[in-house]
Amino acid sequence: MWVADMDFRSPPAILEALHQRVEHGIFGYASAAPELMQVVVARMREKYQWEIEPSWIVWLPGVVPALNVVCRAYGNDGDEVVTFTPVYPPFLTAPARWGKTLRAIPLRRERSWYTFDADRLERELSSRSKILLLCNPHNPVGRRYERGEIERIANLCVAHDMVICSDEIHCDLILDGGPHTPPATLGPEVGARTITLMAPSKTFNIPGLNCAFAIIENPELRTKFKKTREGIVPGTNVLGFTACLAAYRDGEPWRSALIDYLRNNKEIVRRFISEEVEGLSMDDVQATYLAWIDTQSLGLPKPARFFEQFGVALYDGRDFQGEGFVRLNFGCPRSILMEALDRLRRAVQSRAESS
Ligand SMILES: Cc1ncc(COP(=O)(O)O)c(C=O)c1O
């Protein structure tokens with residue numbers, strides 16, 4: 001229940017397209033077919049009323065390499081990269097790798113949600129702050145941010161002339177039916193400073209096929225991005241492109257059924273954690289297939305290690321700067337989910353009995 005991929009076979013449309021491509025038998029260097037470019041352009045228009053040009057799209061083997069390219073490409077040594085924590089660990093490790101300083105701003109609790117602490121962001125931004133790494137939707141807390149929340153921090157980035165890098169790898173996994181907002185759609189000033197990262201990988205369970213892309217409107221930022229990745233970050237391979245086209249062109253019915261299944265899994269996890277296991281709690285999950293579970297009241301020094309002894313592998317919150325939490329991946333068949341939850345309950349019961 002640990003790393004963020006799912007236990008489901010990919011959609012038949014993808015498997016069929018891959019079979020056909022393998023049958024072709026020639027696996028040379030690849031570039032994106034015009035049809036794939038058009039499918040991405042049409043997707044942005046339909047989902048976000050976002051008019052992009054094919055030339056804005058930069059194909060990549062993954063989103064994490066892009067986070068690193070961004071941290072390397074913009075600003076100077078010692079400049080700051082800002083992000084909201086807890087967050088997916090590569091957001092925390094990429095800045096220092098490229099001579100930048102990480103400025104981690106904890107998300108704030110508001111009612112029963114995490115949200116950006118925009119006031120603190122405003123206080124902490126300085127002339128050294130050059131890049132905001134945004135996780136949108138947010139792994140691990142499962143937030144689908146509202147337009148107003150994103151607008152406020154995007155405006156602060158405009159005021160401080162920062163680059164916004166919005167990782168939207170989970171944007172097709174919205175469980176609560178609400179809208180996803182790419183900051184690049186908020187207007188020309190924000191669009192011109194934003195790098196949007198997307199991929200079919202999480203949604204269609206093809207992360208091992210290494211296909212992702214950046215959308216970069218501003219030609220200066222795009223050229224800098226491309227120059228920085230040159231010779232280091234390869235492009236996408238033929239099978240990745242094939243799977244991506246099939247996913248976006250033909251995968252919608254499968255995705256829609258997936259969302260129903262995940263939504264039910266999420267409800268099962270939430271009910272179980274809040275009603276059946278004393279000492280654990282979690283927020284609702286608006287997007288992603290990841291539950292962020294608070295174990296603090298159990299006082300476990302190493303929560304993931306503890307649960308692993310009972311046969312459930314979880315990601316430890318410490319790696320996300322979220323001490324005392326664990327992340328559970330519910331993108332799996334219900335039978336496995338129920339077994340995992342049962343083991344969690346036994347783990348907590350044994351803790352209660354021994355203290
Ligand atoms: C927010 C986020 N970005 C990026 C990735 C991984 O991206 P990739 O496999 O394309 O490098 C993940 C995987 O869990 C993720 O949650």
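Helices (H or I, at least four residues) and strands (E, at least two) are DSSP runs, numbered from the N terminus. The model described here is predicted.

The bond joining Thr-85 to Pro-86 is a cis peptide bond, with omega about 5 degrees. A further cis bond runs from Asn-139 to Pro-140, where omega is near 20 degrees. Pro-140 also belongs to a loop, the one between β6 (129–135) and α6 (147–159). Most residues other than glycine have a negative phi, and most peptide bonds are trans.

Positive phi values occur in Asp-161, near 50 degrees, and in Thr-288, near 85 degrees. Asp-161 is placed in the loop between α6 and β7, and Thr-288 in the loop between β10 (281–282) and β11 (290–294). Asp-161 has a relative accessible area of 56%, so this residue is exposed. Thr-288 is at 0% relative accessibility and therefore counts as buried, since the cut-off for buried is under 20%.

**Salt bridges**

Over the whole structure, the search finds 31 salt bridges.

| Pair | N to O distance |
|---|---|
| Arg-43 and Asp-172 | 3.3 Å |
| Arg-103 and Glu-124 | 2.8 Å |
| Asp-342 and Arg-345 | 3.2 Å |

The side chains of Arg-43 and Asp-172 meet in a salt bridge. This pair links distant parts of the chain, 129 residues apart: Arg-43 is in helix α2 (residues 34–48), while Asp-172 is in the loop between β7 (163–167) and α7 (188–191). Which class of accessibility does Arg-43 fall into, buried or exposed? With a relative accessible area of 8%, Arg-43 is buried. Asp-172, at 3% relative accessibility, counts as buried.

Arg-103 and Glu-124 likewise form a salt bridge through their side chains. Here the link is between strand β3 (residues 101–106), which holds Arg-103, and helix α5 (residues 118–124), which holds Glu-124; the two are 21 residues apart. Arg-103 is partly exposed, its relative accessible area being 28%.

Asp-342 and Arg-345 lie within helix α13 (residues 334–354), three residues apart, or about one turn of the helix. Asp-342 is partly exposed at 26% relative accessibility, and Arg-345 is partly exposed at 23%. Both residues belong to a network of salt bridges that links Glu-276, Glu-339, Asp-342, Arg-343, Arg-345 and Arg-346.

Notes. Residues are numbered from 1 along each chain as its sequence is written. This is a predicted model: local features need pLDDT of at least 70, side-chain atom pairs count only at pLDDT 80 or more; totals for chains, interfaces and linings use all residues. Side-chain values use heavy atoms; hydrogens and water are left out. A salt bridge is a side-chain nitrogen of Lys or Arg within 4 Å of a carboxyl oxygen of Asp or Glu. Buried means under 20% relative accessible area, exposed over 50%, partly exposed in between (1.4 Å probe, protein chains only).
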